[in-house]
Amino acid sequence: MNDTARVSGLLDLKSLNFGDFLQGNDQAQLSFANSLTTTLQTLGVAKLSMDDVPELEMLHLFNMAKEFFALDIASKMVAAHPAQPSPHRGYSFVGQEKLAAVTGFAKDRLSDSMMQDSKETFDLGLPGDAEFPNRWPKDEHIPHFKAVVQQHYKTLERVQLKVLEALSLGLGLKRDIFLPLHEKSHHEMRLLHYPSTTAGDLTGDKTRIAEHTDFGSITLLFQDQVGGLEGRPLECLVMVGDCFQRWTGNYIRAIPHRVTTPYKTQGGDPDDDIPERFSIAFFGKPNRDARVGNLAHPQFQAVQYDSITAGEYNNMKLVKTY
Ligand SMILES: [Fe+2]
């Protein structure tokens, strides 16, 4: 079974209750931390129930995302992502970003077929980031969008740091070991829309997102069809990114993943309608000046990585995708 295949069957993945870590006693915290760590080590992805994070108003956030992507193209282009990869901020139209360019990035087998991603996205970083300022649509086109999205950046950042704390505990490390490596809040948040299409249109060189691994430390992913948006339970996928793999010398590995034709329609009629989908990702990323070579820990030396910075690593991958 290849790595990508490991992601199939995610819907059957048993979810872990994040509340056990947030509110539990020492024993409950350790039990959660061990389950999370084992799941990420074996699968590269875990499903968490987020019922105990009341400030996560994902239905509200998804509705904002739907409202944004439903705007006319001119209104969305007010916040246009630049043609070049950096700054990685604002609205990217369908086909602008090509993640196929980093398929097999770490395996020295860069993709030669340029698969086209069938998605539009809105990216943002830390509110007030002077180096990479955010780009926003006009408030009169979509009232409250900026405030709601920025507020969730801060909430998701707190969640991501707590997940890292649990993972540290599960790995037998100091609980706060990853906090200084993320203190500058150089994370990225992304709203995604996959427009409705037909099964036949997502074949050949077109897919929703080509296979890739995420660039950062830990990704939180919320999907509109995975339960919870019409009320609790709220579920979130946690995926390991490249930087975490590098720190641990492959002890915990990034999970290659892609978004393709929903499994129910595979093998069906090319005229089958594939409904639109939305998802929201929070890419936890180390400080741009943080080193992402192996951590000095005997368990994390199986594969040796150069001690480059997270910013350098990020740019190496990002430059290929636009
Ligand atoms: Fe991804």
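**An open mixed sheet and its helices**

S1 and strand S2 (residues 45-49) run parallel and are joined by three bridges. Strands here are DSSP runs of E with at least two residues, helices are runs of H or I with at least four, and both are numbered from the N terminus. Asn-17 has Ser-49 in S2 as its bridge partner.

This is a predicted model: local features need pLDDT of at least 70, side-chain atom pairs count only at pLDDT 80 or more, and totals for chains, interfaces and linings use all residues. Residues are numbered from 1 along each chain as its sequence is written.

The chain has seven helices and 14 strands. Of its 322 residues, 41% count as buried, that is, with 20 or more other C-beta atoms within 10 Å of their own; exposed means 12 or fewer, partly exposed lies in between, and C-beta atoms are placed from the backbone. Take the contacts with a separation of 6 or more: residues 24 or more positions apart account for 76% of them. A contact needs C-beta atoms, placed from the backbone, within 7 Å.

Now the sheet. Eight strands form it, in the order S1-S2-S11-S10-S14-S6-S5-S3. The sheet is open and its pairing is mixed. Strands S1 (15-17) and S3 (90-92) stand at the edges with a single partner strand each, so one side of each has no neighbour in the sheet. Two strands pair if DSSP finds at least two bridges between them. Neighbouring strands are turned by 25° against each other on average, direction ignored.

Helix H2 (residues 26-43) packs on this sheet and touches S1, S2 and strand S11 (235-240). The direction of H2 makes about 145° with that of S2. Axes are lines fitted to C-alpha atoms, for helices over the stretch in contact, and angles run from 0 to 180 degrees between N-to-C directions. Helix H3 (residues 58-69) lies across strands S5 (120-124), S6 (188-194), S10 (218-223) and S14 (277-284). H3 runs at about 115° to S14.

H2 also packs against helix H5 (residues 145-170), at about 90° and with the axes 8 Å apart. H2 is therefore roughly perpendicular to H5, a label for angles of 65 to 115 degrees. Residues of H2 in this contact include Leu-30, Phe-32 and Leu-36, and those of H5 include Ala-166 and Leu-169. By class, the contact has eight nonpolar, four polar and no charged residues.

Finally, a loop. Val-94 is found between S3 and strand S4 (116-117). Val-94 counts as partly exposed because it has 14 C-beta neighbours inside 10 Å. Beyond its neighbours within four places in sequence, Val-94 is in contact with Ser-118, Lys-119, Glu-120 and Pro-195. Pro-195 is 101 residues from Val-94 along the chain, yet their C-alpha atoms are separated by 8.8 Å.

Notes:
Contact = placed C-beta atoms within 7 Å. Parallel < 35°, antiparallel > 145°, perpendicular 65-115°, else oblique. Nonpolar A, V, L, I, M, F, W, Y, C, P; charged D, E, K, R; others polar.
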